[in-house]
Amino acid sequence: MAKGATSLIDQKQVQVSFGDVIANSGSLVSTEISQVPLAGVLELIRLAREHGIPSIVDLDISPEVAVKEALLGTEAEFIEVCRMADVLKPARHAAEGALRLITPHRSLDLIKSMSTMELSTVLQRECNSKLIAMTDGLSPSCFVTDKLAVSVSPVQLDRVVDATGAGDAFLGGLIASMHSLGGVPATEKDLQRCGKVANRLGGACCQVLGAVPTAESREHVKDILPTETQSEDVVEDESAVEHYKAIHTSLMCDTITLSNLHDSSGSALLYERISHVCDTLINCTGNRMVSGVGKSGLIARRLAGTLSSIGVPCEFVHATEFHHGDLESALALLTEYSCVIPYGVDSVLPEPAGGVPTSSLIAQEAVINCMASDIINKKNFTAHDFNANHPGGALGESLPGK
């Protein structure tokens with residue numbers, strides 16, 4: 001997750017990013033009170049209601065944290081979210097704070113003295129929720145509608161490896177069950193089943209590292225998952241699982257590499273250096289050359305092409321060609337007004353097979369994108385300018401002026 005990205009999901013961003021999807025293909029909307037601004041959460045629920053789609057809110061934090069510490073919105077917005085959502089999935093500590101805010105005549109001591117079932121029942125009545133699904137650590141989970149109330153014992157685990165993501169896995173089980181039923185459970189049997197699926201998935205998540213599914217974790221849940229949610233694409237073969245693990249690890253490393261570029265303590269220095277290089281390239285009145293060998297050579301070639309397409313002519317010279325006569329011709333072209341820009345970005349993460357370039361290439365591409373964006377901004381480069389440099393092909397045909 002990009003640093004600070006969730007804080008941008010306000011009412012307008014929800015409309016832009018999710019409005020069409022909800023209107024045209026939505027079947028269930030899930031959101032949270034955790035990191036997203038409450039105005040964005042409310043807009044998502046409103047859109048769901050407008051199109052007759054059930055909404056689920058994962059209540060991770062208390063109103064005290066949401067409003068006063070995380071600054072997600074107001075107390076009034078917090079209450080409105082709780083009352084508008086069709087389904088609330090609160091942790092007990094968050095439910096206590098929510099009920100105290102919604103019913104200020106009840107003391108916190110009184111609320112804390114309630115059993116989890118009593119708390120769930122009162123919260124359901126006060127919010128008029130179609131379903132309350134409340135978790136309470138290792139204690140039984142409670143599932144309450146306006147007509148039904150069941151308590152589901154937690155899964156007995158022989159070990160807990162990592163509890164990260166257990167709440168999200170629980171919510172996933174609840175969503176999968178509701179999807180298979182076509183909505184909120186209408187019978188005690190279905191409500192019990194929802195609870196068992198949710199608890200089992202939450203428990204299975206605790207038995208793996210980093211919430212990454214494994215063949216073993218699937219064994220813990222495959223007998224209880226709703227038939228409709230079982231994908232034909234899930235392969236139990238161990239070699240396939242390991243293959244998917246490698247894919248997941250690769251994507252995770254690429255994401256971390258980009259995050260490190262953006263969030264590192266030295267990011268300001270990196271930005272400054274990139275900006276300086278861009279200034280040098282723009283102001284260069286002589287020849288611009290980039291060079292490289294191997295995978296970095298391919299990226300250097302792409303850098304030359306990108307720069308040329310945005311009005312900064314640049315030539316690529318393969319590094320090995322310098323040993324075969326091109327060095328002299330290249331030096332002959334260089335003047336005091338020319339610029340030679342060395343570049344290189346290494347990944348801080350281990351790469352597969354002892355160093356096959358993967359994440360390091362992603363980092364280099366990211367820096368090139370930064371350079372292109374900075375130059376476009378500094379030169380006030382427009383789509384019409386780009387059209388002049390890129391007249392052919394499908395891209396050229398799509399540009400203004402055609």
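User: At what angle do the axes of helix H2 and helix H4 cross?

Analyst: This is a predicted model, and the values that follow are computed from it. The axes of helix H2 (residues 38-50) and helix H4 (residues 75-84) cross at roughly 25° and come within 10 Å. Angles under 35 degrees count as roughly parallel, and H2 and H4 are therefore roughly parallel to each other. Their crossing is left-handed.

User: Which residues of H2 and H4 meet?

Analyst: A contact requires heavy atoms within 4.5 Å. On the H2 side the residues are Leu 38, Ala 39, Val 41, Leu 42, Ile 45, Arg 46 and Arg 49, and on the H4 side they are Glu 77, Phe 78, Glu 80, Val 81, Arg 83 and Met 84. By class, the contact of H2 with H4 holds eight nonpolar, no polar and five charged residues.

User: Why do residues three or four places apart in an α-helix point the same way?

Analyst: An α-helix has 3.6 residues a turn, so residues at that spacing point the same way. In the present case, Leu 38, Leu 42, Ile 45 and Arg 49 are among the residues that H2 brings to H4.

User: How do H1 and H2 pack, and which residues make that contact?

Analyst: One reads the angle, then the hand, then the residues. Helix H1 (residues 11-25) packs on H2 at an angle of about 25°, and their axes are 9 Å apart. H1 and H2 are therefore roughly parallel to each other, and their crossing is right-handed. H1 contributes Gln 11, Val 14, Gln 15, Phe 18, Gly 19 and Ile 22, while H2 contributes Ala 39, Gly 40, Glu 43, Leu 44, Arg 46, Leu 47 and Ala 48. The contact of H1 with H2 divides into seven nonpolar, four polar and two charged residues.

User: Is helix H5 mostly covered or mostly uncovered?

Analyst: A residue is buried when its relative accessible area is under 20%. Helix H5 (residues 92-102) is mostly covered, since nine of its eleven residues are buried. Those buried residues are Arg 92, Ala 94, Ala 95, Glu 96, Gly 97, Ala 98, Leu 99, Leu 101 and Ile 102.

User: What is the angle between H5 and H7?

Analyst: H5 and helix H7 (residues 116-127) pack at about 45°, with their axes 10 Å apart. That makes H5 oblique to H7. H5 passes H7 in a left-handed crossing. Arg 92, Ala 95, Glu 96, Leu 99 and Ile 102 of H5 make the contact with Thr 116, Leu 119, Val 122, Leu 123, Glu 126 and Cys 127 of H7. The classes in the contact of H5 with H7 are seven nonpolar, one polar and three charged.

User: Where is Pro 63, and is this residue buried or exposed?

Analyst: Begin with the element, then consider accessibility and contacts. Pro 63 is in helix H3 (residues 63-69). Pro 63 is buried, as its relative accessible area is 9%. Leaving aside neighbours within four places in sequence, Pro 63 is in contact with Lys 68, Phe 78, Ala 94, Gly 97, Ala 98 and Leu 101.

User: What is phi at Asn 128 and at Asn 380?

Analyst: Asn 128 has phi near 55°, a positive value in a residue other than glycine. Asn 128 lies in the loop between H7 and strand E4 (131-136), and at 66% relative accessibility it counts as exposed. Asn 380 has a positive phi of about 55° although it is not a glycine. Asn 380 is placed in the loop between helix H15 (359-379) and helix H16 (383-389), and at 61% relative accessibility it counts as exposed.

User: How many helices and strands does the chain have, and what is its mean pLDDT?

Analyst: The chain has 17 helices and nine strands. Of its 402 residues, 41% are buried. Among contacts between residues at least 6 apart in sequence, 67% join residues at least 24 apart. The mean pLDDT of the chain is 81, and 80% of its residues reach 70 or more. Over residues 228-238 the pLDDT is below 50, and this stretch has 13 contacts in the model beyond near neighbours in sequence.

Definitions and conventions: Residues numbered from 1 in each chain as written. Predicted model: local features only at pLDDT ≥ 70, side-chain atom pairs only at ≥ 80, totals over all residues. Heavy atoms only, no water. Axes fitted to C-alpha atoms, helices over the stretch in contact; angles between N-to-C directions. Helix = DSSP H or I, 4+ residues; strand = E, 2+ residues; numbered from the N terminus. Parallel < 35°, antiparallel > 145°, perpendicular 65-115°, else oblique. Left-handed = near helix turned anticlockwise from the far one by under 90°. Nonpolar A, V, L, I, M, F, W, Y, C, P; charged D, E, K, R; others polar. Buried < 20%, exposed > 50% of the residue type's maximum accessible area, 1.4 Å probe, protein only. pLDDT = per-residue confidence, 0-100.
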